[in-house]
Amino acid sequence: MGSVGSPSIAQPDYWWYRARADLLRAAVGRYVGRPAAVLDVGSADGPSVGWLAPGARRVAVDLDRRGLAPGDVCASAMRLPFADATFDVVAAFDVVEHCEPEAAALAELTRVLTPGGRLLVSVPAYQWAWSDFDVQNRHHRRYTRRRLVAAVEAQGLDVLRATYLFAGTFPFFAADRLRSRVLRDGSREASADGVPRLPQTGPTVEKVLLAAAGLDRRLLPRWDLPFGSSVVVAARKEAAS
């Protein structure tokens, strides 16, 4: 997991983080259950996990100390400082794409799950959408739903749900990626502290994007989305026999 800071700390109210919180809850909230202990890996993206088992004992892990509270742990997803089978739910939202090798990170997330525990993972979608923003964020790859499912199943987990997110905003996302590629736009350079800058939107555009994401929120409780700019998977570790 790279050491680059998360822009969510500086802009926790950015429209994408607010929308992602709603979409993650709509997509995989039903699989959280009533866990006693939850591990939140990559917790610098805290604006997206406020809904995650608020009554459970929650431990956050991140390389960026700025996003950690007392009792949380500064560590890498590649080497989690916990015993096997410690957590009932492990969440890693927009983390695995930072990890190389991918299998080592997923193996660690799986290792600390209790038998019957649930793994929740989200990642950015489509390698064709690769841009300078991925480079600045130290991503190693982007995903299709099939690729993420295969990577999770390779760890012996049973996939409960796999769906794309941000289908409603996808036309805007695709147009932005095309514009960046054609114009070689360098406006998304990192700030002085090395943290990537988020694409800025005006109030009207933000309202349109949040409304488009709201369509996903209404569909996700019943249907998987066939495309989108993110992928999320919920999976279960086999219970002890």
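This report describes the nonpolar core, one histidine and the aromatic rings of a predicted model.

## Nonpolar core

The largest nonpolar core has 73 residues. Those that touch the most other members are Leu39, Val41, Trp51, Val90, Leu109 and Leu120. Helix α1, residues 15-28, gives the most to this core, with 10 residues. In soluble globular proteins, nonpolar side chains tend to be buried together.

Leu120 shows what such a position looks like in detail. Not counting residues up to four places away in sequence, Leu120 touches several residues, including Val28, Val32, Trp51, Phe93 and Val233. The stretch Val89, Val90, Ala91 and Ala92 is also among its contacts.

## His139

His139 is in the loop between α3 (132-136) and α4 (145-153). With a relative accessible area of 14%, His139 counts as buried because the cut-off is under 20%.

The side chains of His139 and Asp134 are joined by a polar contact of 2.7 Å. Leaving aside neighbours within four places in sequence, His139 is in contact with Glu97, His98, Pro124, Trp130 and Asp134.

## Aromatic rings

There are 14 aromatic pairs in the structure. In one of them, the ring centres of Tyr14 and Trp15 are 6.3 Å apart and the planes are at 45°, so this pair is tilted. Tyr14 is buried, with a relative accessible area of 9%, and Trp15 is buried at 8%. The rings of Trp16 and Tyr17 have centres 5.5 Å apart and planes at 80°, so they form an edge-to-face pair. Both Trp16 and Tyr17 are buried.

Ring pairs also link Tyr126, Trp128, Tyr164, Phe170, Phe173 and Phe227 into a cluster. Arg147 lies over the face of Tyr143, 5.2 Å from the ring centre.

Key
Residues numbered from 1 in each chain as written. Predicted model: local features only at pLDDT ≥ 70, side-chain atom pairs only at ≥ 80, totals over all residues. Heavy atoms only, no water. Core = buried A, V, L, I, M, F, W, Y, C linked by side-chain atoms within 4.5 Å. Buried < 20%, exposed > 50% of the residue type's maximum accessible area, 1.4 Å probe, protein only. Helix = DSSP H or I, 4+ residues; strand = E, 2+ residues; numbered from the N terminus. Contact = heavy atoms within 4.5 Å. Polar contact = N/O pair within 3.5 Å; in protein donor to acceptor, adjacent residues only side chain to side chain. Phe/Tyr/Trp six-rings, centres within 6.5 Å; stacked < 30°, edge-to-face > 60°. Lys NZ or Arg CZ within 6 Å of the ring centre and 35° of its normal.
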